[in-house]
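This briefing is meant for a reader who is meeting the structure for the first time. Please look over the sequence and the model before reading on.

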Amino acid sequence: MSELLAIGISHKTAPVEVRERLALPEARAADFLRDLRGAGDVHEAVAISTCNRTELYLVVGDPVEAESTVLSMLATHAGIRPTQLASAIYSHRNCDAARHLYRVTSGLESMIVGEAEVQGQVKRAYDAALGKETVGPLTNHLFKAALQAGKRVRSETAIAERQLSLPGVAVALAREQLGDLDGRSVVIVGTGETSELTARALADSGCKTVFVASRRRDRAISLAKRYGGESVSFDELPLALEQADIVVTATASPHMLLETRELAEVMDARGGQPMLLIDLAVPRDIEASVGELGGVSLYDIDDLQAVIARNRKVRQGEARKAEGIIEEEIQHFAAWLGSLEVLPTVSALRTSAEEIVDSVLHENEHKWETASPRDIERASAVARAVVNRLLHTPTLRMKELRDDRVHARMALVRELFGLEVEDATVQDAAAADLAAEPEQLAEVRQLPSARSARGARRR
């Protein structure tokens, strides 16, 4: 039987130095999933990679073997020994895997509890897997249900109210370090979603000039106009840095953009005027030793947790409501997942019982010398009636199971009776289930990403 397996690392289990080495941008994720499916008994796969987590959601034949394979491949990818990585890795199976994804999508596992941007990230990861055709019936239903759960949490609780995404926390940190931000000069390196959200937050805070420096000059010009700033080319960045009070970097560059040597020259040109640098990128854009320069205050994503901690108390009550919703939703998923196995398991159990009856009758057919054909037929009917009555109540009970232990109970039944259930049977049942819900699947595809919905909610 195939099982769902979630395996990964997050800000809760690994520092930024490890997370950035395991990051799987979309192009790299596609290659990784292709290699993974070729290396192990992996039928379906979706990768989620953000600044706070790298997670793989898999449908596998042997979860123990799959965990070992994934750990080895992630270690190779990161250039870390598997033994060093093992302590940071977590894994969940079946309903626990689904529950974890529900929590991630709802923002309960985020650095800032309740962030909305993560729902868009999950949706984009799912869309990317759809495009690469690495999903299947089980992961389709899993991600559809997780996105619906996240949508319900945000519509029925206030968990995202007054919430701070990473850009918002960066602004809060700047205000904490510099006081009033009105009239402050800012340089933003990068033109992606995080950069745009940061530009908006800084402009709303009264920053006088927002420089957007990037190699994508057309995008930089567009953002600068939108948020009342001006754009400079990437080559002009050192000069822009000389005028900046705050520098925020948020690129997807695989290389360091700001190194100690060049920042030292900038600081010399500034005459010792202090500068606040906030690195929101994973991998990091700014060399760590920059923080040792006189007049420089450098913060990376992990440093923002102190600000985040102050917001958690406000959200505890809403988080408890959200967890209640997730548990309600996970019961639906558990019933669905269990139903995929109940009918095949019941069928396999009855088939096994029929085979036993046939075998016993065959073994004894030469021992009934005086029995007539009608007597033998009656004996066969009695044997089958006993089997049917014996299995009647267990069959009804199995079909009525609805909690999150259905999968485990079906596995126990199969183990006790030595039953074999073909994966194809379960896959066909899952496919039929999805085919019966086209409207719900369409609704998931229409869920707004963080980019299109940031006016209403944030990461």
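How many helices and how many strands does the protein chain have? In this predicted model, the protein chain contains 18 helices and 10 strands. The points below begin with the chain as a whole and then turn to a sheet and the helices beside it.

**The chain as a whole**

- Of the 459 residues in the protein chain, 53% are buried.
- When contacts in the protein chain between residues at least 6 apart in sequence are considered, 75% of them join residues at least 24 apart.
- The protein chain has an accessible surface of about 21,100 Å², and carbon and sulfur atoms account for 50% of that surface.

**The six-stranded sheet**

- Six strands form an open sheet with parallel pairing, and their order is β7-β6-β5-β8-β9-β10.
- Because β7 (230-232) and β10 (296-299) each have a single partner strand, they stand at the edges of the sheet, and one side of each is left without a neighbour there.
- On average, and with direction ignored, neighbouring strands of this sheet are turned by 20 degrees against each other.
- Within the sheet, strand β8 (residues 246-249) runs parallel to strand β9 (residues 275-279), and four bridges join the two; T249 stands opposite D279 in β9.

**Helices against the sheet**

- Helix α10 (residues 217-226) packs on the sheet, where it touches β6 (209-213) and β7, and its direction makes about 160 degrees with that of β7.
- Helix α12 (residues 260-270) lies across β9 and β10, and it runs at about 155 degrees to β9.

Definitions and conventions: Residues numbered from 1 in each chain as written. Predicted model: local features only at pLDDT ≥ 70, side-chain atom pairs only at ≥ 80, totals over all residues. Heavy atoms only, no water. Buried < 20%, exposed > 50% of the residue type's maximum accessible area, 1.4 Å probe, protein only. Contact = heavy atoms within 4.5 Å. Areas by Shrake-Rupley, 256 points an atom, 1.4 Å probe, with all protein chains shown as cover. Pairing = 2+ DSSP bridges. Axes fitted to C-alpha atoms, helices over the stretch in contact; angles between N-to-C directions.
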